[in-house]
Amino acid sequence: MRAAAATLVTLLLAGCAAEAPVGTPAMYVDMAEPGARLDPIAAASMISQYRQNNGLGGVDIDPALIKLAEQQSQAMASQNKLDHDVKAPLPKRLNASGYPATLAVENVSAGYHTLAEAFSGWRDSPPHKANMLKNGVTKLGIAASYAPNTKYKVFWTLILASTETR
């Protein structure tokens, strides 16, 4: 009887040890690692919750804005330069892509390794906070580009926009 109980306890403990490890939450994934991927769903959820906590509507992911954000982050990374206008000003980039924005704002940053850090940096900066809390935006595009041989390592772009007639 004792042998059976000992075997059962051993099997139970082995079962606990064999459970899959819990992954890193999306907001804490280190983007300064080769192959790291930003989770736009987690970003949209985080920013939507922040907006809702401040009496505003949430935002939905827009693939075209994701692409524009990726292009901006990659341009900043390739030039090792934190600059809204590294390719062109936002209105010109939106226009060139054919994106029908009636309202658009952009946050860029560099040096933050995680989505949580980038979000906190934007939240704590009055102009970036104002963009995240811009009334009327309904869509989001976000990207992070890793450039290991640069000063900042990770370059971020957040574009919030609306295509609705105002």
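User: What classes of residue make up the lining of the largest pocket?

Analyst: By class, that lining holds ten nonpolar, three polar and three charged residues. Keep in mind that this is a predicted model.

User: How do I read a pocket, and what volume does the largest pocket have?

Analyst: Start with the general idea: rolling a probe the size of a water molecule over the atoms shows where empty space is left. In this structure, the largest pocket has a volume of about 290 Å³. It is lined by 16 residues, and those closest to its centre are Ala36, Arg37, Leu38, Glu70 and Ala144. Helix H3 (63-79) and strand S3 (139-146) are the elements that each give two or more residues to the lining. S3 gives the most, with five residues.

User: Which residues touch the most other members of the largest nonpolar core?

Analyst: A nonpolar core is built from buried residues joined through their side chains. Here the largest one has 27 residues, and Leu115, Leu140, Ile142, Trp156 and Leu158 touch the most other members. Two or more residues come from each of helix H2 (40-53), strand S2 (103-110), helix H5 (115-123), S3 and strand S4 (154-162). H2 supplies the largest share, six residues. Apart from this core lies another, of nine residues, including Leu65, Leu68, Leu94 and Ile159.

Conventions:
Residues are numbered from 1 along each chain as its sequence is written. This is a predicted model: local features need pLDDT of at least 70, side-chain atom pairs count only at pLDDT 80 or more; totals for chains, interfaces and linings use all residues. Side-chain values use heavy atoms; hydrogens and water are left out. On a 1 Å grid over the protein atoms alone, a cavity is a set of points where a 1.4 Å probe fits but cannot get out, and a pocket is an open set with protein on both sides within 12 Å along at least five of seven lines; lining residues have an atom within 4 Å of a point. Grid points are joined across faces, edges and corners, and a volume is the space filled by probe spheres set on the points. Helices (H or I, at least four residues) and strands (E, at least two) are DSSP runs, numbered from the N terminus. Ala, Val, Leu, Ile, Met, Phe, Trp, Tyr, Cys and Pro count as nonpolar, Asp, Glu, Lys and Arg as charged, and the others, Gly among them, as polar. A nonpolar core is a set of buried Ala, Val, Leu, Ile, Met, Phe, Trp, Tyr and Cys residues joined through side-chain atoms within 4.5 Å. Buried means under 20% relative accessible area, exposed over 50%, partly exposed in between (1.4 Å probe, protein chains only).
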